[in-house]
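This report walks through a few local features of one protein model. The sequence and structure come first, and the text follows them.

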Amino acid sequence: MSKLITTMVGAIDSLLPELETVYKDLHQHPELSMQEVRTAQIVADYVEKFGYEVTRNVGVTGVVAVLRNGDGPTVMLRADMDALPMAEATGLPYASTVKAKDEDGIEVGVAHSCGHDLHVTWLMGVARLMAGHRDAWRGTLMAVFQPGEEVGRGARSMIEDGMVVRFPKPDVILGQHVMVGAAGTVGYRSGTILSAGDSLKVRLFGRGSHGSQPQTSIDPVIMAASTTLRLQTIVSREISPRDSAVLTIGALQAGTKENIIPDDATLKLNMRTFDEDVREYMLGAIRRICCAECVASNAPREPEFTTLSSYPLTVNDDATCERLRNTFEAHFGERAYETQPAAASEDFSVFGREWGVPYAFWFIGGTDPEEFKRAVAAKKLNEIPSNHSPKFAPVLDPTLRTGLEAMLCAAGAWLGNEDSTT
Ligand code: ZN
Ligand code: ZN
């Protein structure tokens with residue numbers, strides 16, 4: 001067991017019921033990206049009670065809480081706070097029924113279908129426990145509650161608001177995410193753990209006309225269809241089989257009526273890559289194909305490209321991961337395992353990149369262990385509702401405890417009186 005945690009065992013047990021209440025409240029009151037006003041207030045008020053220097057409204061709704069506890073390293077722990085624009089379908093007694101207006105003014109259901117409510121709860125618990133056991137560690141703890149992860153803007157908005165000049169430079173930045181996996185387990189990895197994610201909107205311009213007179217049109221529907229198919233050849237024909245990449249066109253919109261050839265068409269696409277060179281190559285290939293298909297169709301103008309979101313690769317630092325591996329294996333035994341990179345993306349690494357400090361991110365399993373075992377045996381893992389599914393529902397016991405302990409282990413590996421190797 002982590003030595004830091006040994007001193008806290010009783011406190012963890014007695015804190016869990018309170019954290020469960022906090023979690024269910026956050027779950028029932030999800031807030032859209034960059035609108036996390038209530039959540040931010042709850043976390044800021046909570047950590048302030050335990051002696052943290054709290055700065056609110058960093059990058060819109062971000063909260064930075066600093067606890068100085070003598071000489072030693074500075075460790076930044078990060079949790080993201082936002083929910084997703086989707087209706088929840090878990091059927092849980094504490095399911096969200098919240099509706100809110102998105103940035104376009106459209107009313108949408110709102111749900112914590114990525115589990116960020118758990119991330120917030122874990123970090124609140126860790127903040128409280130660290131404050132209550134100051135003789136068990138030395139250094140500075142910085143708890144960062146970040147807005148807008150789901151739109152890829154939250155970390156950047158905190159940085160644009162002076163994050164790196166207003167707060168102590170961390171020696172290491174640590175974060176964790178609940179994922180499909182047996183509850184009670186912790187998955188770590190050196191090197192790339194999450195893909196880069198880039199989303200683009202491409203508008204293709206044609207010339208509208210009556211459906212009976214195609215010769216007077218430049219048909220953007222054909223242009224969009226042809227572009228869609230040709231874009232699929234990037235991964236299948238241009239990327240080496242040793243590299244992996246995903247390109248999905250998730251939206252394809254044109255026209256209103258069967259006998260009107262519309263003026264333009266819009267594609268929205270998302271790509272995931274695990275290597276910076278592959279990422280650059282694919283971004284170039286997408287432009288090349290879109291422009292060339294427009295030329296092939298005799299389009300009146302070049303297509304218009306808009307970046308919808310851009311998430312960098314999450315590449316865990318080797319030495320940081322080695323220290324995490326030691327503490328996780330010592331504490332969790334066989335419940336700690338080396339995981340594969342996931343084709344999901346995060347803006348967590350933006351902080352480490354901006355500050356130029358090492359970072360590491362790991363996964364906490366949130367699936368009922370028996371259900372997970374059955375799904376693995378039946379080769380039906382894909383049927384377990386994952387993050388962003390309306391049915392995503394992490395089991396609280398032991399996920400709440402595991403995430404709390406993992407973050408305490410990790411913080412203790414730098415700050416703990418005996419755990420620390422520096
Ligand atoms: Zn998500
Ligand atoms: Zn997430």
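In H8, the buried residues are Val278, Arg279, Met282, Ala285, Ile286, Ile289, Cys290, Glu293 and Cys294. They are on the same side of H8 because they cover an arc of only 160° around the axis. Asp277 and Val295, on the other side of H8, are exposed. The model is a predicted one.

Helix H8 runs over residues 276-296, which makes 21 residues. From its first C-alpha to its last it reaches 30 Å, close to the 30 Å expected at 1.5 Å a residue.

The N-terminal end of H8 is capped by aspartate 275, which has a side-chain oxygen 2.8 Å from the backbone nitrogen of aspartate 277. Just after H8, asparagine 298 takes a positive phi of about 65°.

## The zinc ions

The model also contains the zinc ion (ligand 1) and the zinc ion (ligand 2). Their protein donors are set out below.

| Ion | Protein donors | Distance from the ion | Spacing in sequence |
|---|---|---|---|
| zinc ion (ligand 1) | Cys114 (SG), Glu150 (OE), Glu150 (OE), His388 (NE2) | 2.0 to 2.7 Å | C-x35-E-x237-H |
| zinc ion (ligand 2) | Cys114 (SG), His116 (NE2), His177 (NE2) | 2.1 to 2.5 Å | C-x1-H-x60-H |

The site of the zinc ion (ligand 1) is irregular, with angles of 52 to 148° among its 4 donor atoms. Which residue bridges the zinc ion (ligand 1) and the zinc ion (ligand 2)? Cysteine 114 does, and the ions lie 3.1 Å apart.

Where the donors sit in the chain can also be described. Cysteine 114 lies in the loop between strand E5 (107-109) and helix H4 (116-132), while glutamate 150 lies in the loop between strand E6 (139-146) and helix H5 (154-160), so this pair ties together parts that are 36 residues apart in sequence. Both cysteine 114 and glutamate 150 are buried.

At the zinc ion (ligand 2), cysteine 114 and histidine 177 are among the donors. Histidine 177 is in strand E7 (residues 172-182) and cysteine 114 in the loop between E5 and H4, so the pair ties together parts that are 63 residues apart in sequence. Histidine 177 is buried, as is cysteine 114.

## Two further residues

Is aspartate 347 buried or exposed? Aspartate 347 is buried, and its relative accessible area is 0%. This residue is placed in the loop between strand E17 (336-338) and helix H10 (349-355). The side chains of aspartate 347 and glutamine 146 are joined by a polar contact of 3.0 Å. Leaving aside residues up to four places away in sequence, aspartate 347 touches several residues, including Arg78, Glu149, Arg153 and Tyr311.

Asparagine 417 is in the segment after helix H12 (396-415). With a relative accessible area of 42%, asparagine 417 is partly exposed. Its side chain reaches the backbone oxygen of aspartate 135 at 2.7 Å. Asparagine 417 and aspartate 135 are 282 residues apart along the chain, and their C-alpha atoms are separated by 8.3 Å. Not counting residues up to four places away in sequence, asparagine 417 touches Asp135, Ala136, Trp137 and Arg138.

Terms used. Residues numbered from 1 in each chain as written. Chains lettered and ligands numbered in written order. Predicted model: local features only at pLDDT ≥ 70, side-chain atom pairs only at ≥ 80, totals over all residues. Heavy atoms only, no water. Helix = DSSP H or I, 4+ residues; strand = E, 2+ residues; numbered from the N terminus. Expected span 1.5 Å × (residues − 1). Buried < 20%, exposed > 50% of the residue type's maximum accessible area, 1.4 Å probe, protein only. Arc of directions from axis to C-beta. Polar contact = N/O pair within 3.5 Å; in protein donor to acceptor, adjacent residues only side chain to side chain. Donors = N, O, S within 2.8 Å, 3.2 Å for Na, K, Ca; no water. Tetrahedral: all angles 85-135°; square planar, octahedral: opposite > 155°, others 65-115°. Contact = heavy atoms within 4.5 Å.
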